[in-house]
Amino acid sequence: MTTTALSLGTFDVAVVGAGIVGLAHALAAARRGKRVVVIDRDAQANGASIRNFGFITVTGQQAGDCWRRAKRSSEIWAEVAPQAGIAIEQRGACIVARRPEAYDVLAAFQQTEMGRDCRLITPAQAAEHVPALRRDALQAALWSPHDLRVESRTAIPALARWLAEALDVTFLRSTLVRDIAPPHIDTTRGWIDADVVIVCPGTDFQTLYADRIAAQGVRTCQLHMLRLEPAQPIPRLATPVMSDLSMGRYLGFAELPQAAALKQRLAAEQAAALEHGVHLIVVQSADGSLVVGDSHHYGETVAPFAPALVDDVILEEFDAVFDLPGRRVRERWVGSYASADDKLMFVDRPSDDVRIVMVTSGTGASTGFAIGDEVIGELFDSQNQ
Ligand SMILES: Cc1cc2nc3c(=O)[nH]c(=O)nc-3n(C[C@H](O)[C@H](O)[C@H](O)COP(=O)(O)OP(=O)(O)OC[C@H]3O[C@@H](n4cnc5c(N)ncnc54)[C@H](O)[C@@H]3O)c2cc1C
């Protein structure tokens, strides 16, 4: 182990990675009275956690642990956001059905435990929540009260600032963690002592525990994102919106038996969307612009070139659902997250005092807070019993 001479301090818990997953662990540890340091190689948040929709999605998450964690995380977001000065931009979700097969999925979902508080509504009722909808193109919609939306690119820095100011969490930025051998953590700026280390590296599969991370079968998933500006100001969208393609991807819908007919029809009618992993999420920002996505391309290393064709496929679905002539693309970006075929997340335990935590399903904003609380609870709460 290479150890630089400078000591950067002694802590109860060191968290590697200042994305939402790392911040969630920092919150859970600080709330238990632990002295926490968060270390990140970047000068400011730059990973998936600021590139996403900020859609804290409960409705549509896989039944069981994922849905439960999303529900719990949305409660934590709702509690923390006002304290951290983070605005909740939208509440709830509206999942619109363009096809009868999609309506069948929504109707079946509503009968599940996850759909208990959701309502099946007409296109006209959906347009009361989301005025820009192309209601003549819709069969019906499902309205859910569970979901939230924050503006990630400002919310994540605000969350970190609040953790530092209100809960005394120390942040070391522009600092790469090179090696971990508790209690010693070797970084590019010096060494840290910590009893417990939580590694939340996002898509960095190589720097720390490369062999253990490789054993989890992870790869990178890259997504295209767009910010659209309506031609003129539009009434606010009360909720985020998803459509038929989302019901083919989100496991809370896609694993229902009724989804088979929908998937078959989507394969016949929207082959390009399926080829590029496109489905529709539309959320609105405070300035009225819409964040629209997304696509999914997988690989060990994904090429940085973002073909315009993929954006066109996303926009085609957008225009089938929204009636906003003259809308223009104001911004485009890509983001990536860790993905695994056989699991939505994992917690690996290289030793008693180290955890590697990775969300491998593009649901970190939705489930991170609950995961952080579980991992920190498992490490510390039993000691107090
Ligand atoms: C375009 C897009 C849209 C998405 N939409 C949603 C959504 O609406 N809802 C949802 O729930 N999820 C969404 N996701 C998924 C979600 O954003 C991720 O699951 C989540 O952000 C992962 O958080 P993280 O903290 O693990 O990773 P990151 O945000 O990538 O953070 C990891 C951090 O670790 C740091 N790091 C890594 N290794 C080291 C090291 N050795 N030393 C120091 N620092 C290190 C990195 O610099 C980075 O800052 C989306 C993702 C993308 C890309």
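Some ground rules before the structure. The model is predicted, so local features need pLDDT of at least 70 and side-chain atom pairs count only at pLDDT 80 or more, while totals for chains, interfaces and linings use all residues. Residues are numbered from 1 along each chain as its sequence is written, and side-chain values use heavy atoms, with hydrogens and water left out.

I will start with the ligand. There are 36 residues around it, and the closest are Asp-40, Ser-49, Phe-55, Gly-364 and Ser-366; a residue is near a molecule if one of its heavy atoms lies within 4 Å of it. Sorted by class, this shell holds 16 nonpolar, 15 polar and five charged residues. In that count, Ala, Val, Leu, Ile, Met, Phe, Trp, Tyr, Cys and Pro are nonpolar, Asp, Glu, Lys and Arg are charged, and the others, Gly among them, are polar.

Which polar backbone atoms can we place against the ligand? One belongs to Val-21, 3.1 Å from an oxygen atom of the ligand. Another belongs to Arg-41, 3.0 Å from a ligand nitrogen atom. Val-177 also has a polar backbone atom 3.0 Å from a nitrogen atom of the ligand. On its own the ligand exposes 1,000 Å², and the protein buries 97% of that; the areas come from the Shrake-Rupley method with a 1.4 Å probe, and for residues only the protein chains shown count as cover. The elements that give two or more residues to the shell are α1 (20-31), α2 (48-51), β11 (219-229), β16 (328-339) and α13 (364-380). Helices here are DSSP runs of H or I with at least four residues, strands are runs of E with at least two, and both are numbered from the N terminus.

Next, α1 itself. It has 12 residues and reaches 16 Å from its first C-alpha to its last, close to the 16 Å expected at 1.5 Å a residue; the expected span is 1.5 Å times one less than the number of residues. Is α1 mostly covered or mostly open? It is mostly covered, with 11 of its 12 residues buried, where buried means under 20% relative accessible area, exposed means over 50%, and partly exposed lies in between (1.4 Å probe, protein chains only). Among the buried ones are Val-21, His-25 and Leu-27. Just after α1, Gly-33 takes a positive phi of about 80°.

Helix α6 (residues 152-167) has buried residues including Ser-152, Ile-156, Leu-159 and Trp-162. The buried residues of α6 pack against α1, α2, α3 (65-84), β7 (170-172) and α13.

In α3 we find Ala-70. Ala-70 is buried, with a relative accessible area of 0%. Leaving aside neighbours within four places in sequence, it is in contact (heavy atoms within 4.5 Å) with Thr-57, Val-58, Gln-61, Ser-366 and Thr-367.

Now two aspartates in loops. Asp-204 is in the loop between β10 (190-199) and α7 (210-215), and it is buried at 15% relative accessible area. Its side chain makes a polar contact of 2.7 Å with the side chain of Arg-41, and another of 2.7 Å joins it to the side chain of Thr-207. A polar contact is a pair of N or O atoms within 3.5 Å; within protein, one must be able to donate a hydrogen and the other to accept it, and residues adjacent in sequence count only if both atoms are side-chain atoms.

Asp-323 sits in the loop between α12 (308-321) and β16. Asp-323 is partly exposed, at 41%. Not counting residues up to four places away in sequence, it touches Ala-132, Leu-133 and Arg-134.

Last, the backbone. Where are the cis peptide bonds I want to show? One joins Pro-182 and Pro-183, with omega about 5°, and Pro-183 is in the loop between β8 (177-181) and β9 (184-187). Another runs from Gly-293 to Asp-294, with omega near -5°.

Two residues other than glycine have a positive phi to note here. Asp-168, in the loop between α6 and β7, has phi near 65° and is exposed at 63%. Ser-174, in the loop between β7 and β8, has phi of about 50° and is partly exposed at 42%.
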